[in-house]
Amino acid sequence: MSIHTPPADWFKPPTGAERAWIGLALVWCLIMSMAMPYWAVKGKQNSSGEAYRVEPADFSARVDRFVAAHKVGELDGQPVVEPTPGGDAYLLGRMWAWYPILKLRQGQTYRVHLSALDLQHGFSLQPMNMNFQVLPGYDHVLTLTPTSTGEFSIICNEFCGIGHHLMTGRIIVE
Ligand code: CUA
């Protein structure tokens, strides 16, 4: 079978409902395009953009010191750690867990340091759906003020190997 050249007058301008749908799609595209810069400036979910270089082993040692100094309990074999309100908190992503479990207070602001030990992971806080890339070698600081109490799940949304789907963590807000 051969491919035929379409007739010269093949194009018919859209009319009626087709025209309306194209117009609607165009308007929606423009709204969504404007929403991106708007959200980048106004959205309260954005990263503070603060990041530092850090050796993964050094970050891991900081996390261990943080856990030793602020541990308040254990849940399912994981330490529960309560940072000082207004102070620093540490969260390490590694194959395949988020370490440790953080216990925060509603209305208090924390500087949460996020980094990875081994490879790239994806910090995804649920159900808020706040997402940040977590990379070894970078200490990414999030300024976080919990506005509601409860237990929040952290999942990994960057494929990181055979245990990726098991890589979960928790933040408890009281
Ligand atoms: Cu860590 Cu997927």
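**Ser 60 and the chain around it**

A: In this predicted model, the accessible surface of the protein chain amounts to about 11,000 Å², and carbon and sulfur atoms contribute 61% of that area. Of the 174 residues, 34% count as buried, and Ser 60, the residue examined here, is buried as well, because its relative accessible area of 14% falls under the 20% limit.

Ser 60 sits in helix H2, which covers residues 56-70. The protein chain has two helices together with 12 strands, and, read from the N terminus, these elements follow the order α-β-α-β-β-β-β-β-β-β-β-β-β-β. The radius of gyration of the protein chain is 23 Å, well over the 16 Å that the globule rule gives for 174 residues, so the chain is more spread out than a compact globule. Its C-alpha trace spans about 75 × 40 × 30 Å along the principal axes.

Once the neighbours within four places in sequence are left aside, the contacts of Ser 60 are with Leu 92 and Leu 117. As for the chain as a whole, among contacts with a separation of 6 or more, 58% are made by residues 24 or more positions apart.

Definitions and conventions: Residues are numbered from 1 along each chain as its sequence is written. This is a predicted model: local features need pLDDT of at least 70, side-chain atom pairs count only at pLDDT 80 or more; totals for chains, interfaces and linings use all residues. Side-chain values use heavy atoms; hydrogens and water are left out. Helices (H or I, at least four residues) and strands (E, at least two) are DSSP runs, numbered from the N terminus. The radius of gyration is taken over C-alpha atoms; the globule rule is 2.2 Å times the number of residues to the power 0.38. Buried means under 20% relative accessible area, exposed over 50%, partly exposed in between (1.4 Å probe, protein chains only). Contact means heavy atoms within 4.5 Å. Accessible areas come from the Shrake-Rupley method with a 1.4 Å probe; for residues, only the protein chains shown count as cover.
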